[in-house]
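Please open the structure in a viewer and keep the selection tool at hand.

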Amino acid sequence: MNYFTHPTHGFSSCLCGLCGLAANRSVSVFSLLFSLLLASSAADLSPKELASAVAAKQEGDAYVRLRLQVKPSGNAADETLQIQIKERRTKSAIDLVYQVLWPQTRKGESVLLHQEAGRPASGSLFTPPDKAQTLTASQLREPFFGSDLSYLDVIEDPLSWDNQTIAGTEAINGVNCTILESKPNKGESEYAKVRSWIDPNRLVLMRIEKYLPSGELRVRIETSRVSNDDKGWPIPANLTVHNPKGSVTELDGSRIKHNVTFSDSEFTPEGLKQVSAPTTAAE
């Protein structure tokens, strides 16, 4: 979800860990890193090279249609949302807009998230017809649209952190993965470490676990289905987010478009008031 980022890189690294266009530069960077990976075994790559190779797939502009279903623990009713995501990712900054399309009673609820490399994240919320607010640091830790992800889970990208190490290997659903352990600099995240299970052949995140300074597992994100995006690149298409307290969030973010055009105004608090899909740029 940044796994989820694409759903999320997320998830944004995983969630919407989807990306692509951003111009020929992003495609070239990914192609170079992917060629490096193909020419080497996973053991030959440094932890930073592996993190960079996965992160390069996420750079660029993308538009995603996401189905988010929250399954609370106990007898509470499930809740399903249809959400559109607009994202801009570069090496130095991430901008994300999430807007509810359905159900009609919540249509237009929107959040804007922004983070520059090495800087704290910021965010804004809009609730129709006219309620707008800036998210405080504590509010960024609150549930993202009532899910088991926080706003910070959606925007933070542990693959960009300076401290990367290999913590071993493990098979996830029959896929042999390299376990990458990412640790933030002081004050960079509420988490003490994030572990990512990476399929080194496809550069796909198969599992993410986030740990608090106490050592407690805060959240686990599992990739349940991998599919190819509109560029033909394998991406996490379906994600399941497990909260140790028993609730579960399922995300389907396989409908992704690259080569889209956004205006700068769409990534502003004022732009949250308009729910519109992007145009497709000319090839």
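The tour begins with confidence and then turns to the pockets.

This is a predicted model, in which local features need pLDDT of at least 70, side-chain atom pairs count only at pLDDT 80 or more, and totals for chains, interfaces and linings use all residues. Residues are numbered from 1 along each chain as its sequence is written, and side-chain values use heavy atoms, without hydrogens and water.

Colour the model by pLDDT, the predictor's confidence in each residue, from 0 to 100. The protein averages 85, and 83% of the residues score at least 70. Select residues 1–13, where pLDDT is below 50; beyond near neighbours in sequence, the model gives this stretch 130 contacts (heavy atoms within 4.5 Å). Where pLDDT is low, the predicted coordinates should not be read in detail.

Next, select Thr-90, Lys-91, Asp-157, Leu-159 and Ser-160, which lie nearest the centre of the largest pocket among its 24 lining residues. A pocket is an open set of points on a 1 Å grid over the protein atoms alone, where a 1.4 Å probe fits, with protein on both sides within 12 Å along at least five of seven lines; lining residues have an atom within 4 Å of a point. The space in the largest pocket is about 420 Å³, a volume being that filled by probe spheres set on the points. Helix 3 provides the largest share of this lining, five residues.

Finally, select Pro-120, Ala-121, Arg-141, Leu-152 and Glu-188, the closest to the centre of the second largest pocket among the 13 residues that line it. Its volume is about 170 Å³.

Conventions. Helices (H or I, at least four residues) and strands (E, at least two) are DSSP runs, numbered from the N terminus.
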